[in-house]
Amino acid sequence: MAALPPLVATKSDPIDSKNDSLIIRKRPPKIVENSNSVSRESLSTSIQWHMQAFPSYSGNRDETSSLGHESESSKSASHGGVLNRTKNSNVKLPQHQPKIQNDMEKLYKLLTGKHSQDLTTRHEHALSKVFQRRSNGFIVEDLAHLNEIISYLHNLVKQDCDGVYTPHLVKYIETLAKPININGISDHKGILSAERILSEMVESIVALLSSPSVRVLAAAIYTLDHLIAQYMKIQRDRVQTTCLARAWQDTEIRVVEQCRIPTNLGHALDLILQDERSGGLSKDTRARLLSLIWGCTCIDQLLQLFVEENLPERLCSLLGSDLSYFSSPNGLLIVEALWQCIDSTHTEAVVEQLNSAKCTQAVTDALRQTFQQGTTKSLKQARNDLIALVGLLTRHPKLRDQLV
């Protein structure tokens, strides 16, 4: 490196009045702002030289500001800004933040991946781990991939109803009966997107009513029964404020009204009279199925589908059977469901379905049982409801002739 030339005093340099001599100052170090090799030591030396050359910088802060000069702190800050810019000039920030995968998305990729779809043990571990995180209910971001997971697991269960995937599928279906966490929705646009996904999810659960696995069928009945109960609760207790909570309630109402539960109840009604040992439904599942049927008859949109599927006739045939023992709520649910059907705008279609000797015989057998089973308060109520149903039936000539 070439040596620097000697310092020579010039006329422009200040003169010391006492010694009558020129004050020779050292040359400041050269700083190249475009270089990345600037050190803090050279920067500090440069600042000290400027303070010696211009003593006014070291005076009162207010005075310097009034003279239009920069203070020491602002000077160092400006150099620090240059230093920061030069240091970070070559750093490239990512254009997009990496997408954080949802647990359900990872689980679905594990189940259907090309190299992992046969790893049954790993699937069971992952299904259990994800379920532990969502045991109190799913979040709204889970619904899209959860629908795919349930459909995929059901296809595996069809191949082996008693396989290792059946318990996991049952737990995931029953967890849908719990409220969904909607904290991830920030505006009404998110509500609309979630409504579409929720509607697809409910239709997938409705399709499980035709499942060959009795355990999966029972889980679907359990979830749909809770969904109808939640619908009725929302209708009674509406959120009064105009916020996302009320918008989500409106979404749940529309989803229930648009689902097609009655179209898949036929398979469940075929199993309702079969003994549990012979592949039928358990006692609790039968009660939930009748509760689900009664709930469908309380909603106009579902009641129309219920009548179109000729379900009133099949429901009436249950009267007089062991299922309609009126000391339990089952008999009352059947009577009230038939009452809803015949006392609706679909009366003519219901009368045509009940116009048979089989149906009228079931009604008379049920009425006879209420007198024979006892005189408890529940039986008296069931008998009064059944007499009121018979009164509705006798208003129509066709049914009156059958009853006579």
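Helix α5 (residues 120-133) packs against helix α7 (residues 165-175) at an angle of about 20°, and their axes are 11 Å apart. Because angles under 35 degrees count as roughly parallel, α5 and α7 are roughly parallel to each other. The crossing in which α5 passes α7 is left-handed. The model described here is predicted.

On the α5 side, the residues that meet α7 are Thr120, His123, Glu124, Leu127, Ser128, Val130 and Phe131. Their partners in α7 are Tyr165, His168, Lys171, Tyr172 and Thr175. By class, this contact of α5 with α7 comprises 5 nonpolar, 5 polar and 2 charged residues.

From α9, the contact draws on Leu227, Ile228, Gln230, Tyr231, Ile234 and Gln235. From α10, Gln249, Glu252, Ile253, Val256 and Glu257 take part. The residues of the contact of α9 with α10 divide into 6 nonpolar, 3 polar and 2 charged.

Two packed helices are described by the angle between their axes and the distance between the axes. The table sets out these values for both pairs.

| Helix pair | Angle between axes | Distance between axes |
|---|---|---|
| α5 and α7 | about 20° | 11 Å |

Attention now turns to a single residue. Most residues other than glycine have a negative phi. Asn310, however, has a positive phi of about 60° although it is not a glycine. Asn310 lies in the loop between α13 (300-308) and α14 (311-316). With a relative accessible area of 41%, Asn310 is partly exposed.

These local features belong to a protein whose secondary structure comes to 19 helices and 2 strands. Of the 404 residues in the protein, 39% are buried. Among contacts in the protein with a separation of 6 or more, 68% are accounted for by residues 24 or more positions apart. The protein exposes about 23,700 Å², and carbon and sulfur atoms supply 50% of that area.

Technical notes
Residues are numbered from 1 along each chain as its sequence is written. This is a predicted model: local features need pLDDT of at least 70, side-chain atom pairs count only at pLDDT 80 or more; totals for chains, interfaces and linings use all residues. Side-chain values use heavy atoms; hydrogens and water are left out. Axes are lines fitted to C-alpha atoms, for helices over the stretch in contact, and angles run from 0 to 180 degrees between N-to-C directions. Helices (H or I, at least four residues) and strands (E, at least two) are DSSP runs, numbered from the N terminus. Angles under 35 degrees count as roughly parallel, over 145 as roughly antiparallel, 65 to 115 as roughly perpendicular and the rest as oblique. A crossing is left-handed if the near helix is turned anticlockwise from the far one by less than a right angle, and right-handed if clockwise. Contact means heavy atoms within 4.5 Å. Ala, Val, Leu, Ile, Met, Phe, Trp, Tyr, Cys and Pro count as nonpolar, Asp, Glu, Lys and Arg as charged, and the others, Gly among them, as polar. Buried means under 20% relative accessible area, exposed over 50%, partly exposed in between (1.4 Å probe, protein chains only). Accessible areas come from the Shrake-Rupley method with a 1.4 Å probe; for residues, only the protein chains shown count as cover.
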